[in-house]
Amino acid sequence: MTALTHLATAGILALTVVVPNHGHAQVTSGATEAGEQADNSADLAKKLSNPIANLISVPLQYNYNDGYGADGQGQQSYVNIQPVIPISISPSWNLISRTIIPLVDQDGLVPGAGSQSGVGNVLQSFFFSPKEPTKGGYIWGVGPVIQFPTASDDIAPDQWGAGLTGVVLKQKGPWTVGGLANHVWSVSGEDEYGKQSATFLQPFLSYTTPKATSFTLNTESTYNWETEEWSVPINFVVSQVVKIGKQPVQFGLGARYWADSPEGGPDGWGARFQVTFLFPK
């Protein structure tokens, strides 16, 4: 079994865990406790709508796409391991570390190459972000982004990259609206993979209910300045925060539609399933 399969299986098994019933408390006490837990879960769900929230989280995000290749028969599955770790660096500022580690399994993407399984390039972002929103209620962060050449089995161009990243958003009531962007240039010189210059844009809109259910719409678009081609997936995900014992976890399930992609790229519909482990302070 590949690492991808193990992670996907672990996420599915997590859905079958039954929360223990501790139930001989009085009705009034139980209702109060349930209300407090709902409030806490809704607050956690809203924080998860903020990519640079002061909250340690570890998402395991499974994605599926198909329609690759000249015949449209190619397919790709990958799990992104995406730990987010906030670090207090002063009374007024946080440094938010966001890492993306892709584990990929694909077939039919490269003509005549069959299937590939392994790791893609790791992307590490750092956001310097004020601990308090601006007077207008905006939350923001900027910093460097680094691409590490960890790609195996020709899954991606195995080269160093670096650039800048930023995010800005506003949360009002149940709504979160904002955007995240980065640009990465290759810094490996003239290697076998050529130059890299790519812009990533992720505008997002999220609504969180008092019962900790979140409805999120976004795009995760990339423009390749070398090939002058867009990749534009539109994602809609429904997520729910629950507690397994004392551990808060968010489960998310959604669909993706490819509005645009390079020739031979993904086409039509895709899917996303995500399990996020939360570690509130």
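**Ground rules.** I number residues from 1 along each chain as its sequence is written, and side-chain values use heavy atoms, with hydrogens and water left out. As the model is predicted, local features need pLDDT of at least 70 and side-chain atom pairs count only at pLDDT 80 or more, while totals for chains, interfaces and linings use all residues.

**Entry 1: the surface patch.** I looked up the nonpolar surface patch and found about 770 Å² made by Ile-85, Ile-87, Ile-89, Trp-93, Phe-128, Tyr-138, Trp-140, Val-142 and Val-168. Patch members have over 30% relative accessible area and no salt bridge, and nonpolar side chains are joined within 5 Å. A salt bridge here is a side-chain nitrogen of Lys or Arg within 4 Å of a carboxyl oxygen of Asp or Glu. Areas come from the Shrake-Rupley method with a 1.4 Å probe, and for residues only the protein chains shown count as cover. Strands S3 (84–88) and S7 (138–148) are the elements that give two or more residues, and S7 has the largest share, 3 residues. I take strands as DSSP runs of E, at least two residues, numbered from the N terminus. Trp-140 lies in S7 and is partly exposed at 31% (buried is under 20%, exposed over 50%, partly exposed in between).

**Entry 2: the cores.** The largest nonpolar core has 9 residues: Ile-52, Val-84, Ile-96, Phe-127, Ile-139, Val-167, Leu-169, Leu-180 and Phe-204. A second, separate core of 7 residues includes Leu-44, Ala-45, Ala-53 and Ala-212. A core joins buried Ala, Val, Leu, Ile, Met, Phe, Trp, Tyr and Cys through side-chain atoms within 4.5 Å.

**Entry 3: two positive phi values.** Which non-glycine residue has a positive phi of about 70°? Ala-212 does; I found this residue in the loop between S10 (197–208) and S11 (213–219), buried at 0%. Glu-228 has a positive phi of about 55° and is exposed at 61%.

**Entry 4: partners of S13.** I then followed S13 (229–244). S11 runs antiparallel to S13, joined by 7 bridges, and Leu-217 stands opposite Phe-236. I count strands as paired when DSSP finds at least two bridges between them. S12 and S13 form a hairpin with 4 residues between them, Glu-228 being in the turn; Tyr-223 has Trp-230 as its bridge partner. S13 also pairs antiparallel with S14 (residues 247–260) over 13 bridges. That hairpin has 2 residues between its strands, with Gly-245 in the turn at a positive phi of about 70°.

Note on methods:
Patch = residues over 30% accessible without salt bridge, like charges linked within 9 Å, V, L, I, M, F, W, Y side chains within 5 Å. Buried < 20%, exposed > 50% of the residue type's maximum accessible area, 1.4 Å probe, protein only.
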